[in-house]
Amino acid sequence: MEKPDKRTSILTAAEKLFSELGYEGTSTRQIAKEAGANMAMINYYFGSKDGVFLEIMSNRIEGFSAQLAIINQEKISVLEKLMQVIEQYARRILDNIAFHRMMHRELSLSQRPEIYCRLKDSMTGNLNVIEQIVNEGISSGMFRKVDVRMVIATIMGTITNVAISPSKITAGSKLDINIPADKDILTERLITYLKDLITTYLTPQK
């Protein structure tokens, strides 16, 4: 049991450090120290810091992929599926804002082409599932004909914007997204807003 536990502890330590210090600010030595491991273990399991980073990112993307698969298989309407996608994605991102900010920064900079390309490929699979749900709604007549990619960009872009620049929402109030109770309030506001927006936009006009 020691090896799997040590591998997990390395990933947990690395995610914490990446979130706090960023990719460039984190060294494999720091990861090893935080995990109570040694450099050889990191090299054995992941090959390099890039390997650790890619493993964490892939796990997160695959985790959402598993959620999408469950939602897509449920015997519910396409609108209910899309509402669940919105809720699950919003909660997943706002549950770990620091890491999402770091991930977004890495994807935006594209400084590590191999990581960037592999993550983009993984994310494309998730986007395809959401696109399939919306297209199914259009084909069935439940949704009006819309620019599907723009709908997806609206959902994901709004969630990312709240996570990265919460002051746009909290300005003039006492809410602080770094306070758990306030984050819960903002998460519910975000989910409610997006569900209302997307339902209104997709509902066929009479």
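Here is a short chat about a predicted model of one protein chain.

Trainee: Hi! How many helices and strands does the chain have?
Mentor: There are 10 helices and 0 strands. The model is predicted, by the way.

Trainee: And what size of box do the C-alpha atoms fill?
Mentor: Roughly 65 × 40 × 35 Å along the principal axes.

Trainee: What share of the residues counts as buried?
Mentor: Of the 206 residues, 39% do.

Trainee: Which residues have the most contacts inside the largest nonpolar core?
Mentor: Those are Leu82, Leu94, Ile130, Ile159 and Ile198, in a core of 34 residues. At least two core residues come from each of α4 (49–73), α5 (78–94), α7 (113–140), α8 (148–164) and α10 (180–202). The largest share, 9 residues, is supplied by α5.

Trainee: Nice. What does Leu82 touch, leaving aside neighbours within four places in sequence?
Mentor: Leu82 is in contact with Ile130, Ile133, Val134, Phe143, Ile155, Ile198 and Leu202. Apart from this core lies another one of 24 residues, including Ile42, Ile56, Met103 and Leu107.

Trainee: Changing topic: which residues does the "DNA-binding region" annotation cover?
Mentor: The UniProt annotation, from an unreviewed entry, covers residues 27–46. That stretch is 80% helix and 0% strand, with its end C-alpha atoms 14 Å apart.

Trainee: Last one, charges. How many positive and negative side chains are there?
Mentor: The chain has 26 positive and 24 negative ones, and the centres of the two sets lie 2 Å apart.

Terms used
Residues numbered from 1 in each chain as written. Predicted model: local features only at pLDDT ≥ 70, side-chain atom pairs only at ≥ 80, totals over all residues. Heavy atoms only, no water. Helix = DSSP H or I, 4+ residues; strand = E, 2+ residues; numbered from the N terminus. Buried < 20%, exposed > 50% of the residue type's maximum accessible area, 1.4 Å probe, protein only. Lys, Arg positive; Asp, Glu negative; His and termini not counted. Charge placed at Lys NZ, Arg CZ, Asp CG, Glu CD. UniProt positions renumbered as here; feature names shortened; annotations may be inferred. Core = buried A, V, L, I, M, F, W, Y, C linked by side-chain atoms within 4.5 Å. Contact = heavy atoms within 4.5 Å.
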